[in-house]
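User: I'd like to go through this model with you, starting with a ligand site and then moving on to the core. Could you take it slowly?

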Amino acid sequence: MLTKRDPRFDLLFEPVRLGPVTAPNRFYQVPHCTGMGYALPETLAAMRAIKAEGGWGVVNTEYCSIHPSSDDMPYPFASLWDDGDVKSMARMAEQVHAHGALAGVELWHGGQRTSNYHSRETALGPESLPTFYGPWQCQKMDAADIKALRSWHRTAALRAKRAGFDLVYVYAGHTYLIAQFLDPATNQRNDQYGGSRENQERLLREIIQDTRDAIGDACAIALRIEVTDEDGGGKEARSALLRSIAPSIDLLDVTVPDYSHEMGASRFVKEASLEAEIAHVREITGKPVVCVGRFTSPETMLSQVKRGIVDLIGAARPSIADPFLPAKIRDGRLDDIRECIGCNVCYAYDASGAPIRCTQNPTMGEEWRRGWHPERVTIAKTREPVLVVGGGPAGLEAALTLGRRGIPVMLAEASNALGGRVTLESRLPGLQEWARVRDWRVHQISKLANVERFLSSRMSRDDCLATGVRHVIVATGSQWRRDGRGLAFPAGVASYADARTATVDDVLRGARPAGAIVVFDDDNYYMGPSIAEALARSGASVTYVTSKGGVGAWMERTFEQGRMHSVLADLGVHIVVNSTVSRLLPGRAEVSCVFTGKTSEIACDAFVPVTSRSPEDDLWIELRSAGLASLSRIGDCKAPGIIAQAVYDGHRAAQMFGETEGSRRERPSVDTIEAAKL
Ligand SMILES: Cc1cc2nc3c(=O)[nH]c(=O)nc-3n(C[C@H](O)[C@H](O)[C@H](O)COP(=O)(O)O)c2cc1C
Ligand code: SF4
C-alpha cells in the first residue's frame with residue numbers, strides 16, 4: 001500500500017541541472033568500487049541497475065582506469081582501455097538509463113598509487129616516490145609522459161561518451177595522480193607542473209579542458225576533489241582553486257583527505273560529519289555540490305539541502321545497504337528504509353579483491369548471479385509451515401524472507417529478546433548503530449501476519465516435533481570458547497581452565513572484572529579490541545595481546561584499524577603484538593613471541609580469551625534423526641562468522657526453500673581484447 005509522502009520531502013525530488021544534463025532528483029550514488037569492475041561486467045551492470053530502479057537519480061561507476069599504466073590488480077577496478085571495455089561499460093550505462101537515471105563514470109589514473117601487477121608498467125608520479133604496494137618507486141613523469149597522460153584521459157573521455165555516460169569525472173582526490181600533482185608534499189617539481197601552486201594546479205586545469213574538448217556538451221563534467229591538501233592544510237589555496245575552476249565544470253563532488261573520516265565506520269564517525277569542512281564550497285563556487293556523510297535520515301538530507309550545504313545527497317554505503325532508499329522516501333515509507341550500520345564490511349570485501357557484500361543487504365552482489373532483488377522475492381509454491389529456531393541475525397532474516405514468500409513461519413527464540421549476538425554486540429562501545437540489523441528485521445516481521453514470534457522458548461527436539469512442522473531451520477548461534485582453541489592453539493590451552501578466565505559472552509552480558517586484565521586476541525577482527533576497550537572504559541588496567549602484527553588485524557580491511565589502535569592507546573591499554581598468551585600462572589600470564597617463542601610474564605587478575613567460537617548445533621544434530629521433510633542449519637550454528645555471513649545464510653535458506661539451488665557464473669571469455677597502445 002502506498003502512503004503519500006510528506007510534502008516537505010518534495011525538495012529531495014526536484015531535478016538538478018548539471019551543465020548539459022539534468023539529474024531527475026537529488027539522490028546521487030557517488031563512485032564506489034564493487035570488487036566486480038572489468039572482471040564481472042554483467043554482475044556490475046545488474047547491481048547498478050537495481051540502484052537506478054530504487055530511485056537514485058545518478059548512478060556512478062567505481063574508479064575507472066584510463067590506461068594500463070593505472071592498473072590496480074588484484075582489485076577489480078573498472079576500465080576504459082579499449083573498445084572491449086566500451087562494450088562492458090555501455091552495459092551498465094544502458095541498464096541505468098532504463099530506469100531514468102543518469103550514468104556517471106569516474107575516470108581514474110592512480111599514478112604513484114597503482115600496483116600495475118598485471119600490466120607491469122612502471123608506476124607514474126609527479127616525482128619518484130615509493131608506491132603504496134611494495135619496496136619500489138614510481139617514475140617521475142617528464143613532459144612527454146604528461147602529454148601522453150593527457151591524451152589517455154582524453155581518449156578515455158571519448159570512450160565514456162561512446163559508452164553512453166552522461167557524466168564524466170575528473171578524479172582529483174584520494175591521493176591518486178592528479179591529487180599527487182596538486183599536493184605540495186608529493187609535488188616538489190621545478191618545472192611548469194610544480195614549484196608554485198599555479199604550476200601544481202596546471203595538470204588539473206589541462207585535464208579539465210581536455211575532457212571538455214573531448215565530450216563537448218554531450219556530458220557533464222564532475223570533479224571529485226578534497227577541500228584541503230592531504231595534510232589538512234592549504235584550505236585557502238584549495239578554495240581559490242575551486243573558485244577559479246568552477247566555471248569549467250558542472251558539479252563539485254567534494255570530500256576530505258582523511259578516508260577514515262570520509263568513509264568512517266559508525267563506531268567513530270556519525271552521519272553528516274563532513275558538513276563543517278565542506279559547507280563553504282557551494283557559496284564560493286556557485287556550482288552544484290554533492291557530498292557524502294552516510295546519509296540515511298531523510299530529515300538530515302532535507303536539512304543539508306535547505307541550508308544550502310549541498311544540492312545532491314551523495315551516498316555510497318547507504319545505497320548499498322538500501323538500493324531503494326530514495327523510492328521509500330518518495331513513497332512515504334520511511335520506516336522501511338534499511339539503514340547502513342557503518343560496519344564497512346562492504347569495503348572489506350572490495351579490499352580483498354572480492355565482490356562487495358553488505359551486512360544489511362544480503363542481495364548486494366547477487367542481483368545477476370542469483371537474480372535476487374532487494375525488495376522482491378518469489379512467492380513460494382508451498383504453504384507448508386517452517387519453524388525457525390533462533391532469533392539472531394540469521395534466524396530473523398530467514399523468518400522475514402520466508403514470511404515475505406508467503407510461508408507460515410514460527411520463530412522461536414530462547415531468550416526474552418530478539419537479535420541474538422547483534423543485541424549483545426551493539427552494546428559494545430560505539431556499536432549502537434549495529435542494532436539496526438535487528439530493529440529493521442523485527443519491524444518488517446511485525447508487518448507480516450504469517451510470521452509468529454515466540455520469545456523465552458528454548459526448543460528441545462521434542463518441542464520442535466510437538467509443533468507438528470515438517471520443516472525446521474536451526475539458527476541457534478554460537479558461544480565464545482573459554483579453552484583457547486583457535487588458530488594459535490588448535491588444541492586449546494589447559495591452564496585457561498582457571499577461575500580468572502571470563503569468556504567474551506560473559507563480558508558481553510555485563511561481566512566487568514577488575515584489576516589487571518589480559519585480553520588475548522587470536523580472532524583478530526573487532527571483538528578483541530572492543531572487549532579491551534569496554535573493560536578499559538570501565539576502569540580496568542588492560543593488556544591487549546594479539547597473535548597478529550597490529551590491533552584487530554582484519555580491521556585494516558574495514559578501514560578501522562588505525563583509529564581502533566588510537567582508541568586503545570588513548571585509553572592506556574598496553575598493546576602487545578605478535579604474541580600469544582601461552583599459559584596462565586598464579587597471578588600472572590605468560591606471553592610468548594609468535595616468532596621466537598621467547599616468553600615473559602605480565603600481571604593477570606582476570607583473563608579474556610578471544611580465540612574462536614563453538615557452534616551451538618546440538619539441536620540440529622538431535623533433529624537429524626527425527627524424520628523431518630527438511631532440516632537445515634544457518635549462520636553461526638553452522639559456521640561462526642561475521643554478521644554479514646549470518647544474514648546472507650538466513651536469506652539464502654529462505655530464498656531456496658522449496659526451490660532448486662542454483663546460480664549463474666560470469667567468467668572472462670576467450671574473445672581477444674584489443675591491446676591498448678602504450
Ligand atoms: C566499498 C566502497 C568502495 C569505494 N570505492 C570508491 C571509488 O572507487 N572511488 C571513489 O571516489 N570513492 C570510493 N569510495 C568512497 C565513497 O565514494 C564515499 O566517499 C564514502 O563511502 C563515503 O560515503 P558514504 O558515507 O555515503 O558511504 C568507496 C566506498 C566504499 C564503501
Ligand atoms: S556492509 Fe555495513 S557499512 Fe557497508 S553498506 Fe552494508 S551496512 Fe553499510
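Predicted model: local features only at pLDDT ≥ 70, side-chain atom pairs only at ≥ 80, totals over all residues.

User: Fine. Which element gives the most to the shell around ligand 2?

Analyst: That is α12, which contributes three residues to the shell.

User: And which residues come nearest to ligand 2?

Analyst: Of the 13 residues around ligand 2, the nearest are R317, C340, C343, C346 and C358. The elements that supply two or more residues to this shell are α12 (317-321) and α14 (345-350).

User: How does the shell divide by residue type?

Analyst: Around ligand 2 there are eight nonpolar residues, four polar ones and one charged.

User: Switching to the core, how many residues has the largest nonpolar one?

Analyst: The largest nonpolar core has 156 residues, and L107, V168 and I178 are among those with the most contacts inside it. This core draws at least three residues from each of domain 1 (7-350) and domain 2 (386-477 + 616-656). Apart from it lies another core, of 37 residues, including A502 and V573.

User: Last one: where is T114, and is it buried or exposed?

Analyst: T114 sits in the loop between β6 (102-108) and β7 (124-125), and T114 counts as buried because 29 other C-beta atoms lie within 10 Å, where 20 or more are required. Leaving out residues up to four places away in sequence, T114 touches S70, D71, D72 and A123.

How values were computed: Residues numbered from 1 in each chain as written. Chains lettered and ligands numbered in written order. Near = placed C-beta within 6 Å. Helix = DSSP H or I, 4+ residues; strand = E, 2+ residues; numbered from the N terminus. Nonpolar A, V, L, I, M, F, W, Y, C, P; charged D, E, K, R; others polar. Core = buried A, V, L, I, M, F, W, Y, C linked by C-beta atoms within 7 Å. Buried ≥ 20, exposed ≤ 12 C-beta atoms within 10 Å, placed from the backbone. Domains from an automatic or database assignment. Contact = placed C-beta atoms within 7 Å.
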